[in-house]
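Dear colleague,

I am passing on the structure we spoke of, and below it you will find my notes on what turned up in it. Please read them with the coordinates open beside you.

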Amino acid sequence: GTWNVERYETTTPGGQGTSLSNIGTMTFNRNHTGEKNLNYQVLGVLRNDTHSFEWKSTDNYMTIVGNNSEFAKTWIKLEDKRNFQKWKSTDGTNQVQILELKK
């Protein structure tokens, strides 16, 4: 189904963070494909992420596979409810991202 990206937060431990609200939607299809329709601005840079992706899910993890997206990675599921998802990941350096999705 289609989920609204209610919150996208990026933080650096011991540093400043950025929290964005209602940046678009992510659609997850039953055949493990999907579409992102995200528009947001970080540090004055406008980002438009409208790429397709593939996804894999387990009880504890969600993996988004795609090109040219900071959302393409494995996320840890902090909350996994029917109408609300909260995921956490890192960018491989020292930034942590939190993503909240709502139906």
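I begin with the strand pairing, where Asn4 has Thr25 as its bridge partner in S2. Please keep in mind throughout that this is a predicted model. Strand S1, which covers residues 2–11, is joined to S2 by nine bridges, and the two strands run antiparallel. Together S1 and S2 make a hairpin in which five residues lie between the strands, and Gly14, in the turn, has a positive phi of about 80°. S1 is also joined to S9, again in an antiparallel arrangement, here through seven bridges, and within this pairing the partner of Val5 in S9 is Leu101.

Asn22, which belongs to strand S2 (residues 17–28), has a phi near 50°, a positive value in a residue other than glycine. With a relative accessibility of 56%, Asn22 counts as exposed, because the cut-off for that class is over 50%. His32, which is not a glycine either, has a positive phi of about 65°, and His32 is placed in the loop between S2 and strand S3 (33–42). At 38% relative accessibility, His32 counts as partly exposed.

Next come the charged side chains. How many salt bridges does a search of the whole structure find? The search finds seven, and I describe some of them here.

Lys36 forms a salt bridge with Asp49, with the closest N and O atoms 3.5 Å apart. This pair links distant parts of the chain, since Lys36 sits in strand S3 and Asp49 in strand S4 (residues 45–49), 13 residues apart.

Glu100 and Lys86 form another salt bridge, in which the closest N and O atoms are 3.9 Å apart. Because Glu100 lies in strand S9 (residues 96–102) and Lys86 in strand S8 (residues 84–90), the pair ties together parts of the chain that are 14 residues apart in sequence. Glu100 is buried, with a relative accessible area of 14%. Through salt bridges that share partners, Arg7, Glu9, Lys86 and Glu100 are joined into one network.

With kind regards

Conventions. Residues numbered from 1 in each chain as written. Predicted model: local features only at pLDDT ≥ 70, side-chain atom pairs only at ≥ 80, totals over all residues. Heavy atoms only, no water. Helix = DSSP H or I, 4+ residues; strand = E, 2+ residues; numbered from the N terminus. Buried < 20%, exposed > 50% of the residue type's maximum accessible area, 1.4 Å probe, protein only. Salt bridge = Lys/Arg side-chain N within 4 Å of Asp/Glu carboxyl O. Pairing = 2+ DSSP bridges.
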